[in-house]
Amino acid sequence: MKNIIKFTLLALLPLTAGAQLSQVESEAQADLDKALARFSDLQQTIKNEKIPLAKELNDLKAELRDTRREAERAQRFKDNSTIDLNSLQDRVTKRQEQLDYVANLVADFGERFSRDISMAELQVYSEQIEEFSAAANSVDEEDELGKAKRLLAQAFILETSINRFKDLIGSQTIKGQAVVEGEVSSGTFLLVGPTTYFAGSSAEEAGIALKGQKLPDIIGMRTDLNEQVLATVNSGSGMLPLDPTLGSALALASQEETVWEHIQKGGIWIYPILFFAFLATVTALFKVFEIYSVKMPKPGALHDVLKALNDGDRDKAMEFAKAVDGPARAMLVDAVEHSDESKELVEEVMYERMLEVQPRLERLLPFIAVTAATAPLMGLLGTVTGMINTFKLITVFGTGDAKQLSSGISEALVTTEFGLIVAIPSLIMHALLNRRAQGVMANMERMAVAFVNGLVRKN
């Protein structure tokens, strides 16, 4: 029964499925039609909207091209502006460098002008020099505009120098004061080119003027030349002596100093050096007289003494021994007296006499050697103290004026100079005298050996 039911159900199942598929197919067709209708509507909508959008897109592209062109033009303008600005900055920098260069040239020229003019002209150009210095000190160096103002304020020194040059082409006379042999004298300066002459009240106060500490120093020449200077300055015409070195030779001549003035520059330590030099000189002269006055025995003196002893004539040998010159006399006399003793005793006697002579020959020689060693050390000590004084002067006055430092430098060099001057001759004299003394001792030793070897013993 159950099998019949199952068979019936299986037979009815295809009919039911076919009915359902027909329904689904009709529904799907309806949906497809609706979708195609919507798709047709969308296509129409897109077609209607495509033309305005394409037109708008073209407008936007055109606007983009215009904007890009504007941006490129702006970039080019910016680049050109940057290049022009850099070029302008370079030009400004070059102009500033040129301004600094010209300003430095003018400043250097003004300083040389104030330094190179003669002291007789200072009273003429003192106001211009003060104005020039005031302009240099009143402007800030960091301010570029201030540099330009300083240049304009100092440029007048060029015109002043040109006018001075025109005045010097012929000649120029200036009333003023100068130092003549350490005394201030009033007179007239005559400026001819780079040379300045001075004429006082007499020929002794006439000569060429050189720059001094505060006033010009007048360097005198031969009397006839001084008279020419005096006559030319007073009359306005005449012959003048010419110094081709522009005063350098006269300045060097004026710096010549005496030995005592040179010694005084050495400071306090020069005096111990000179004291030792004096003692060493006196000692050396005494030793030269003492050592070189020692007489050396004649070549045949020893032979005569030995011959007489070997012949048995002791008295004659003693006579020959006493006739020998120099310190060897006492040595040979003692040797003859002890000639009958053993050779060892004779040697000891002669050696004892040699020891008595050696201290007398070598006395005071160590003092000369000590002087030769001490003098450079004292000179070095003076050098150290001179450099200390120089550094003190540098601390006070700076390094601008070398004349302020000359005292310390002179002390440092002069003491070293005299230390070597004393040491070198002392060392040479000690070597010569010591060699002479050793020669005397060597001669006595040679005679002693010859005496002992030549003495014949008799049994």
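**Nonpolar patch, salt bridges and helix packing**

Mentor: Helix α14 (residues 406-454) supplies the largest share of the nonpolar patch, namely four residues. The model is predicted, so local features require pLDDT of at least 70 and side-chain atom pairs pLDDT 80 or more, whereas totals for chains, interfaces and linings use all residues. Residues are numbered from 1 along each chain as its sequence is written, and side-chain values rest on heavy atoms, without hydrogens and water.

Trainee: Which residues make the nonpolar surface patch?

Mentor: Y292, L420, I424, I428 and L432 make a patch of about 480 Å². A patch takes residues with over 30% relative accessible area and no salt bridge; nonpolar side chains (Val, Leu, Ile, Met, Phe, Trp, Tyr) are joined within 5 Å, like charges within 9 Å. Areas come from the Shrake-Rupley method with a 1.4 Å probe, and for residues only the protein chains shown count as cover.

Trainee: Why is I428 called partly exposed?

Mentor: I428, found in helix α14, has a relative accessible area of 46%. Buried means under 20%, exposed over 50%, and partly exposed in between (1.4 Å probe, protein chains only), so I428 is partly exposed.

Trainee: How many salt bridges does the structure hold, and what makes D66 and R69 one of them?

Mentor: There are six salt bridges. The term requires a side-chain nitrogen of Lys or Arg within 4 Å of a carboxyl oxygen of Asp or Glu. The closest N and O atoms of D66 and R69 are 2.9 Å apart, so the pair qualifies. Both residues lie in helix α1 (residues 2-116), three residues apart, about one turn of the helix; helices (H or I, at least four residues) and strands (E, at least two) are DSSP runs, numbered from the N terminus. D66 is partly exposed at 42% relative accessibility, and R69 is partly exposed at 41%.

Trainee: How far apart are the closest N and O atoms of R73 and E70?

Mentor: They are 1.9 Å apart, and the two residues form a salt bridge. About one helical turn separates R73 and E70, because they are three residues apart in helix α1. R73, at 38% relative accessible area, is partly exposed, as is E70 at 47%.

Trainee: What do E290 and R363 form?

Mentor: E290 and R363 form a salt bridge, with closest N and O atoms 2.6 Å apart. E290 belongs to helix α8 (residues 270-292) and R363 to the loop between α12 (343-362) and α13 (365-397), so this pair ties together parts 73 residues apart in sequence. E290 is buried at 15% relative accessible area, whereas R363 is partly exposed at 41%. Salt bridges with shared partners join K287, E290 and R363 into one network.

Trainee: At what angle do α8 and α12 pack?

Mentor: The angle is about 145°, and the axes are 10 Å apart. K287, E290 and I291 of α8 meet R360, L361 and E362 of α12. By class, this contact has two nonpolar, no polar and four charged residues. Axes are lines fitted to C-alpha atoms, for helices over the stretch in contact, with angles from 0 to 180 degrees between N-to-C directions. Asp, Glu, Lys and Arg count as charged; Ala, Val, Leu, Ile, Met, Phe, Trp, Tyr, Cys and Pro as nonpolar; the others, Gly among them, as polar.

Conventions: Contact = heavy atoms within 4.5 Å.
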